[in-house]
Amino acid sequence: IPSVSSIVPESCLLIVVGLLVGGLIKGVGEKPPILKSDIFFLFLLPPIILDAGYFLPLRQFTENLGTILIFAVVGTLWNAFFLGGLLYAVCQLGGSGLNHIGLLANLLFGSIISAVDPVAVLAVFEEIHINELLHILVFGESLLNDAVTVVLYHLFEEFASFEQVTILDIILGFFSFFVVSVGGVLVGVIYGVIAAFTSRFTSHIRVIEPLFVFLYSYMAYLSAELFHLSGIMALIASGVVMRPYVEANISHKSHTTIKYFLKMWSSVSETLIFIFLGVSTVAGHHYWNWTFVISTLLFCLIARVLGVLVLTWFINKFRIVKLTPKDQFIIAYGGLRGAIAFSLGYLLDYKHFGMRDMFLTAIITVIFFTVFVQGMTIRPLVDLLAVKKKQETKRSINEEIHTQFLDHLLTGIEDICGHYGHHHWKDKLNRFNKKYVKKCLIAGERSKEPQLIAFYHKMEMKQAIELVESGGIGKIPSAVSTVSIQNINPKSLPPERVLPALSKDKEEEIRKILRTNLQKTRQRLRSYNRHTLVADPYEEAWNQMLLRRQKARQLEQKMNNYLTVPAHKLDSPTMSRARIGSDPLAYEPKEDSENLPIITIDPASPQTPESVDLMSEEPQGGCSGLPPSPEEDEEGLVMRVKEEPSSPGTDDVFTPGPSDSPSNQRMLRCLSDPGPRPEEPEEGEPFIPKGQ
């Protein structure tokens with residue numbers, strides 16, 4: 001039902017399905033299953049976190065790491081203590097039912113309910129397609145606040161069993177936060193490096209390559225949980241560290257397997273989590289206390305809004321791209337709670353926390369409110385506020401190149417200024433990675449250059465060696481692309497050509513020369529431009545036709561102009577006939593172009609007016625300027641160089657030809673009567689301008 005899924009998030013629908021299934025099971029007299037914490041933390045949560053960590057948008061995450069850490073650490077601590085303190089005050093004022101709940105129990109409950117849940121955030125934010133900045137801020141906060149939640153949960157749980165809590169215990173608890181977070185990251189990095197190193201030797205067993213990714217990631221999570229470190233941070237660190245090296249070593253099919261198996265696995269886990277939430281709501285024992293539940297819900301919203309506003313005011317003092325009020329609203333509104341809080345509440349021991357059922361009821365109420373109310377209304381609010389959405393298309397190569405160029409530029413500017421910002425340290429890390437780490441963790445030549453360029457060089461080397469062996473190396477241009485090389489089929493040699501036989505030493509020497517020099521000479525690729533692209537034949541024909549018509553019009557205008565210009569020292573017809581008789585070769589027209597104008601040019605000075613010796617213009621219908629005939633349109637002007645100089649003492653004249661036909665007589669009369677005199681051309685101006 002598309003109309004329902006466009007309004008209600010999938011997580012809400014799955015919880016409703018869980019409620020219906022739980023009610024059905026309870027209706028037939030059976031006991032519905034409850035989402036046990038061991039099943040949740042050991043089997044359902046790791047696939048979702050590994051999928052998020054392995055495909056984490058690393059650039060946005062690292063650029064906003066400071067903001068994410070402030071929201072995750074300071075924001076979660078603020079929420080936990082604000083909630084715990086206020087709820088303790090409510091319990092003291094709330095009557096006999098709440099008086100027995102102490103400060104430690106309230107602080108523990110505050111630490112459970114204060115953390116933003118990554119599963120709920122992923123489920124809702126991926127459906128509304130929010131922009132990358134807001135998505136990574138809220139989702140990154142939900143991932144990294146796990147360390148704070150784990151520390152506070154175990155800390156208050158331990159303190160509850162103490163008779164007296166000393167200052168030393170509080171200081172040790174504070175330091176345990178660094179141990180849990182840094183320890184989790186360290187465990188993840190170690191397993192990520194081991195996975196990358198293992199993938200270096202799997203070229204002969206491609207089938208089990210994806211298994212190493214899942215195996216080492218899960219071992220990182222279990223090892224962290226074994227020592228009460230942050231398992232979520234270990235999974236994220238292992239996924240981020242292993243991905244670039246593993247993908248350089250494994251095959252394309254293995255990469256596809258990892259991608260789709262992780263997506264399927266995380267989707268199944270997410271579905272089971274939300275269904276089990278619904279079933280557990282029906283099956284669990286509940287203790288409803290209006291004062292405590294409503295106070296919890298209200299204080300959760302107030303603490304989230306106040307925390308985001310205060311922290312954003314502080315963060316914007318240091319950010320270049322400021323967080324706008326719209327962004328702050330979405331960050332505060334996107335603080336969803338989910339199954340992690342429920343599982344942590346379910347783990348509480350009745351011995352120390354007799355009010356566990358009331359805590360679970362309040363946790364489920366907060367989860368339902370955030371997932372249903374906030375999850376369903378965040379999409380229309382995003383549209384109403386016109387918050388920027390995520391770009392669905394991938395970035396083009398042009399954008400990637402310019403992004404890298406700007407990174408290099410900013411790194412250089414930071415070095416010149418002496419300001420060691422994150423571009424400087426990122427460049428240092430990249431250099432160290434390229435110089436040392438890649439050589440150890442990536443097999444073959446791919447450790448030295450990107451995979452695409454390595455593949456291009458490999459293909460070019462293969463084709464070049466084949467062409468040398470077939471004798472076709474002389475036919476290849478010096479700069480040629482891979483596509484053009486692949487399209488070359490070595491032709492069979494003509495029978496009369498005999499190739500000299502190459503000795504083994506000579507052949508090895510040629511191959512060595514190719515290996516050392518061919519890649520270097522071809523690293524500069526030919527770029528496409530409008531001159532090298534294949535032209536459309538119809539477009540070329542149209543262009544030729546338009547050019548021909550344009551030239552014909554210009555020629556017609558020029559001829560009309562020349563006919564109104566006074567003749568150059570016109571002689572009588574008798575003198576003209578005498579000159580033609582004395583030099584017939586210079587004025588002989590072309591055989592197949594009787595009616596075409598003829599220009600004879602003196603090669604000594606082709607740009608001066610004196611260089612024009614003879615011009616024939618014979619339009620249809622006497623002296624009127626009619627359009628040129630089709631033959632004239634096709635042939636144009638016929639230009640001929642005089643083979644012999646004209647007879648001395650005579651001037652160049654305009655004459656139609658050697659014969660004395662009536663049409664020639666009309667032409668001479670037209671030339672002898674020039675009409676009104678136009679303005680004289682300026683001195684030095686060519687009679688026929690260049691380019692015409």
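Start at helix H9 (residues 167–199), where you will find Phe174; helices here are DSSP runs of H or I with at least four residues, numbered from the N terminus. This is a predicted model, where local features need pLDDT of at least 70 and side-chain atom pairs count only at pLDDT 80 or more, while totals for chains, interfaces and linings use all residues. Residues are numbered from 1 along each chain as its sequence is written, and side-chain values use heavy atoms, with hydrogens and water left out.

Phe174 counts as exposed, at 52% relative accessibility (exposed is over 50%, buried under 20%, partly exposed in between, with a 1.4 Å probe and protein chains only). Together with Ile167, Ile171, Phe175, Phe178 and Val182, Phe174 forms a nonpolar surface patch of about 630 Å² accessible area. Areas come from the Shrake-Rupley method with a 1.4 Å probe, and for residues only the protein chains shown count as cover. Patch members have over 30% relative accessible area and no salt bridge, with nonpolar side chains (Val, Leu, Ile, Met, Phe, Trp, Tyr) joined within 5 Å and like charges within 9 Å.

Now for the charges. A salt bridge puts a side-chain nitrogen of Lys or Arg within 4 Å of a carboxyl oxygen of Asp or Glu, and the count comes to 10. One of them links Arg243 and Glu247, at 3.3 Å between the closest N and O atoms. These two are about one helical turn apart because they sit four residues apart in helix H11 (residues 231–249).

Asp407 and Lys426 also form a salt bridge, at 3.8 Å. Asp407 belongs to helix H17 (residues 397–417) and Lys426 to helix H18 (residues 422–441), so the pair ties together parts 19 residues apart in sequence. Shared partners join Arg59, Glu63, Asp407 and Lys426 into one salt-bridge network.
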